[in-house]
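Me: I'd like to go over the ligand site in this one. Can you take me through it?

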Amino acid sequence: MLNNLEMLNLAKEACEKAYAPYSNFNVGACALYDSGNYYLGCNVENASYGLSLCAERNAMSNAIVAGEKGKLVKIAIYSNNRTNCMPCGACRQWMAEFKKDKELQIVLESEDSKCAVFTIEELLPYGFEL
Ligand code: THU
């Protein structure tokens, strides 16, 4: 299993591939499943701004298309624009969809190049479920 810093480094590599010509806000994500497999994603923008895809949802979509059947246990997010790059509300809801349990960890780069860790329970309390 990858550790937090390894995941952040992979998210950083994905961030370098971001297609963000409109905001210049590059984001990368590394999503780790309980199978031990991980998937990368970067943000992909569009001239029709509202169609832009976040890095986190790109990573989780990559898991689906790869046939991943496991549950999401951890996701690291990196941006070259800021430390502590928090996931947007839509991405939090997506994370909840695939989470192993409420202890799903969201790993961010903190100011001293260390990791800040939150749980999905902290970032999306009372989330919608069917
Ligand atoms: N973005 C992400 O990739 N993830 C988030 O959780 C928040 C925002 C992207 C979308 C857009 O391309 C850029 O950051 C600025 O909003």
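Ligand site

Reply: A polar side-chain atom of Glu 45 is 2.5 Å from an oxygen atom of the ligand, a polar contact being a pair of N or O atoms within 3.5 Å. This is a predicted model, where local features need pLDDT of at least 70, side-chain atom pairs count only at pLDDT 80 or more, and totals for chains, interfaces and linings use all residues. Residues are numbered from 1 along each chain as its sequence is written, and side-chain values use heavy atoms, with hydrogens and water left out.

Me: Which backbone atom of Cys 88 lies 2.9 Å from a ligand oxygen?

Reply: A backbone N or O atom of Cys 88. For Ala 55, a polar backbone atom is 2.9 Å from an oxygen atom of the ligand.

Me: How much of the ligand does the protein bury?

Reply: The protein buries 78% of the 370 Å² that the ligand exposes when taken alone (Shrake-Rupley method, 1.4 Å probe).

Me: What residues are around the ligand?

Reply: Among them are Ser 23, Phe 25, Asn 43, Glu 56, Met 86 and Pro 87, where near means a heavy atom within 4 Å. The shell divides into seven nonpolar, two polar and two charged residues.

Me: Switching to pockets: how much space lies in the largest pocket?

Reply: About 180 Å³. Of its 14 lining residues, the closest to the centre are Phe 25, Val 27, Asn 43, Cys 54 and Ala 55. A pocket is an open set of points on a 1 Å grid over the protein atoms alone, where a 1.4 Å probe fits, with protein on both sides within 12 Å along at least five of seven lines; lining residues have an atom within 4 Å of a point.

Me: And where does the ligand sit?

Reply: In the largest pocket, meaning more than half of its atoms lie within 2 Å of the pocket's grid points.

Terms used: A polar contact is a pair of N or O atoms within 3.5 Å; within protein, one must be able to donate a hydrogen and the other to accept it, and residues adjacent in sequence count only if both atoms are side-chain atoms. Ala, Val, Leu, Ile, Met, Phe, Trp, Tyr, Cys and Pro count as nonpolar, Asp, Glu, Lys and Arg as charged, and the others, Gly among them, as polar. Grid points are joined across faces, edges and corners, and a volume is the space filled by probe spheres set on the points.
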